[in-house]
Amino acid sequence: MRRGSLFGLLLLLVLLVAGGRALWLWLDRPITRVVIEGQLQHVSPAYLRDRLAPLVAGESWLSVDLGELRRRARELGWLAEVRLGRQWPDGLIFSLDEQRPVARWHDDFLLDAGGEPFDFDGEGRPGGLPDLAGPPGSGPEVLAYYRRLQAQLAGLGVEVTQLRLEERGAWRLQLDHGLWVMLGRNDRPARLARFAAAWERELAPLAEHIRYVDLRYPNGIAVAWHGESDTEGLEVPANS
């Protein structure tokens, strides 16, 4: 190859590289728009946009790492899934799947359908959810037992509004009448059967007067009434 042809080829390569870099710099402009897509029931696009915007602050349209940005966006409590795309010339599209809460968890979290807690940041907390609580990591167990209790007690015409698993393994629940049921740790099926029998036999009409029912007895239950101390509860034999 003649020297002049080689020089011309090198010059062409330099111009192509320089042109490509100039094109990249022209395209890689700062991100100025964030578009929210998805069916949202509990939180507003404005709420999410305010929390997603800081994640893209200082980023540019071509250089931003969409995978890392998706990972950081998924850390926002209300987001179950995040899909990202670029929108010409300087925007990002966030396609979002919202969490579907099934229960409250302690005071600061909600539970998804798998029993995993997520932080709702005080936004969009839905009403009418059961109030569940338990030790760290017990969300799936507590939610599963809540569902079993709902099925077992449905025939009594009651609903479980609160369920608590204590650190030492004892369970207690609150019914929609406002009364508490102390279930304890052991023999739960038998204890629930005693409760169901006593409820259908005599307790149901008195529900609004009952403070709590204690099932932690071998052969009966104890009933505490509103306005009475714990020691004034009435013990109801299991077979009376």
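Which residue is the bridge partner of Leu132 in β8? The notes below take this up at point 2, after the overall picture.

1. **Overall.** This is a predicted model. The protein has five helices and 13 strands. It runs to 240 residues, of which 38% count as buried. Among contacts with a separation of 6 or more, 48% are between residues 24 or more positions apart.

2. **β7 and β8.** The bridge partner of Leu132 in β8 is Leu163. Strand β7 covers residues 131-133 and pairs with β8 in the parallel sense. Three bridges hold the pairing. β8 spans residues 160-165, and five of its six residues are buried, so the rest of the structure largely encloses this strand.

3. **β11 and β12.** Strand β11 (residues 210-214) runs antiparallel to β12, and four bridges join them. One of the pairs is Tyr212 with Ala224 of β12.

4. **Burial of β12.** Are the residues of β12 buried or exposed? Six of the six, residues 220-225, are buried, so β12 is largely enclosed by the rest of the structure. In a regular strand, side chains alternate between the two faces of the sheet. Here Gly220, Ala222 and Ala224 point one way, while Ile221, Val223 and Trp225 point the other. Both sets are buried.

5. **The three-stranded sheet.** The strand order is β1-β3-β2, in an open sheet with mixed pairing. β1 (33-37) and β2 (79-87) are the edge strands; each has a single partner, so one side of each lacks a neighbour in the sheet. Neighbouring strands are turned against each other by 25 degrees on average, direction ignored. β2 and β3 pair in the antiparallel sense over eight bridges. Within this pairing, Leu84 stands opposite Phe94 in β3. Helix α3 (residues 66-73) packs on the sheet and touches β2 and β3. The direction of α3 makes about 150 degrees with that of β2.

6. **Glu98.** This residue sits in strand β3. What does its side chain reach? The side chain of Glu98 comes to 3.0 Å from the backbone nitrogen of Val43. A polar contact also links the side chains of Glu98 and Arg100, at 3.1 Å. Glu98 counts as buried because its relative accessibility is 5%, and the cut-off is under 20%. Leaving aside neighbours within four places in sequence, Glu98 is in contact with Gln39, Leu40, Gln41, His42, Val43, Trp78 and Ala80.

7. **Val102.** The loop between β3 (91-98) and β4 (103-105) holds Val102. At 25% relative accessibility, Val102 counts as partly exposed. Neighbours within four places in sequence aside, its contacts are Leu111, Asp112, Ala113, Leu129, Pro130, Leu143 and Arg147. Val102 and Gly115 lie 13 residues apart along the chain, and their C-alpha atoms are separated by 8.4 Å.

8. **α4 against α5.** Helix α4 (residues 139-153) packs with helix α5 (residues 188-203) at an angle of about 35 degrees. The axes are 12 Å apart. The crossing is right-handed. From α4, the residues Tyr145, Leu149, Gln152 and Leu153 meet Arg188, Leu192 and Phe195 of α5. By class, the residues of this contact are five nonpolar, one polar and one charged.

9. **Backbone points to check by eye.** Most residues other than glycine have a negative phi, and most peptide bonds are trans. The peptide bond from Trp88 to Pro89 is cis, with omega near 0 degrees. Pro89 is in the loop between β2 and β3. His106 has a positive phi, near 55 degrees. His106 is in the loop between β4 and β5 (109-111) and counts as partly exposed at 35% relative accessibility. Asp187 also has a positive phi, near 50 degrees. Asp187 is in the loop between β10 (180-184) and α5.

10. **Exposure of Asp187.** Why does Asp187 count as exposed? Its relative accessibility is 54%, and the cut-off for exposed is over 50%.

Definitions and conventions: Residues are numbered from 1 along each chain as its sequence is written. This is a predicted model: local features need pLDDT of at least 70, side-chain atom pairs count only at pLDDT 80 or more; totals for chains, interfaces and linings use all residues. Side-chain values use heavy atoms; hydrogens and water are left out. Buried means under 20% relative accessible area, exposed over 50%, partly exposed in between (1.4 Å probe, protein chains only). Helices (H or I, at least four residues) and strands (E, at least two) are DSSP runs, numbered from the N terminus. Two strands pair if DSSP finds at least two bridges between them. Contact means heavy atoms within 4.5 Å. Axes are lines fitted to C-alpha atoms, for helices over the stretch in contact, and angles run from 0 to 180 degrees between N-to-C directions. A crossing is left-handed if the near helix is turned anticlockwise from the far one by less than a right angle, and right-handed if clockwise. Ala, Val, Leu, Ile, Met, Phe, Trp, Tyr, Cys and Pro count as nonpolar, Asp, Glu, Lys and Arg as charged, and the others, Gly among them, as polar. A polar contact is a pair of N or O atoms within 3.5 Å; within protein, one must be able to donate a hydrogen and the other to accept it, and residues adjacent in sequence count only if both atoms are side-chain atoms.
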